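Please look at the sequence and the structure shown below, and keep both in view while reading the report that follows.

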Amino acid sequence: MKIIGMIPARLGSSRIKNKNLRILNNKPLIQHIIDAAKNSKFLNELYLNSESLIFKEISKDSKINFYHRPKELSSDKATNDDFTIDFLNKHECDLLIQLLPTSPFISSENIDEFIEK
């Protein structure tokens, strides 16, 4: 079974500017979920999904994959379903787990328990 973890991240948050890059405990908010996902026992692949190339650099530094989604799928009008369908149309898997950067306290154990259930 192929299980992909996908971390969606926009640069242009309308409520909190650059929220995914804000520092929490000495590292960017997004890095917390990347680190947890990288330590999962079950994720075969991990992607950072964004319109912004700044996240490409973060994914490269973190040694994970980057998916450059179309800019129109990063607007306030685009839904979670819209960018997920776009991703799934280009990446084959049996299970896609979406991991949010705004949940920095999720552990790799939490991710694995979720997948097991």
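## Two helices in contact

Helix H1 (residues 29–38) and helix H2 (residues 54–62) pack at an angle of about 35°, and their axes are 11 Å apart; axes here are lines fitted to C-alpha atoms, for helices over the stretch in contact, and angles run from 0 to 180 degrees between N-to-C directions. Helices (H or I, at least four residues) and strands (E, at least two) are DSSP runs, numbered from the N terminus. This is a predicted model, in which local features need pLDDT of at least 70 and side-chain atom pairs count only at pLDDT 80 or more, while totals for chains, interfaces and linings use all residues. Residues are numbered from 1 along each chain as its sequence is written, and side-chain values use heavy atoms, with hydrogens and water left out.

On the H1 side, Ile30, Gln31, Ile34 and Lys38 meet Phe55, Ile58 and Ser62 of H2, where contact means heavy atoms within 4.5 Å. The residues of this contact divide into four nonpolar, two polar and one charged; Ala, Val, Leu, Ile, Met, Phe, Trp, Tyr, Cys and Pro count as nonpolar, Asp, Glu, Lys and Arg as charged, and the others, Gly among them, as polar.

Among the buried residues are Leu29, His32, Ile33, Ala36 and Ala37. The buried residues of H1 pack against H2, helix H4 (108–116), strand S1 (3–8), strand S2 (23–24), strand S3 (27–28) and strand S4 (45–50).

Serine 108 is found in helix H4, and it counts as buried because its relative accessibility is 12%. Leaving aside neighbours within four places in sequence, serine 108 is in contact with Ala36, Asn39 and Ser40.

## A histidine in a loop

Histidine 91 has its place in the loop between helix H3 (80–88) and strand S6 (95–98). Is this histidine 91 buried or exposed? Histidine 91 counts as buried because its relative accessibility is 13%.

If residues up to four places away in sequence are not counted, histidine 91 touches Ile4, Tyr47 and Tyr67. Histidine 91 and isoleucine 4 are 87 residues apart in sequence, yet 8.8 Å apart in space, C-alpha to C-alpha.

Notes: Buried means under 20% relative accessible area, exposed over 50%, partly exposed in between (1.4 Å probe, protein chains only).
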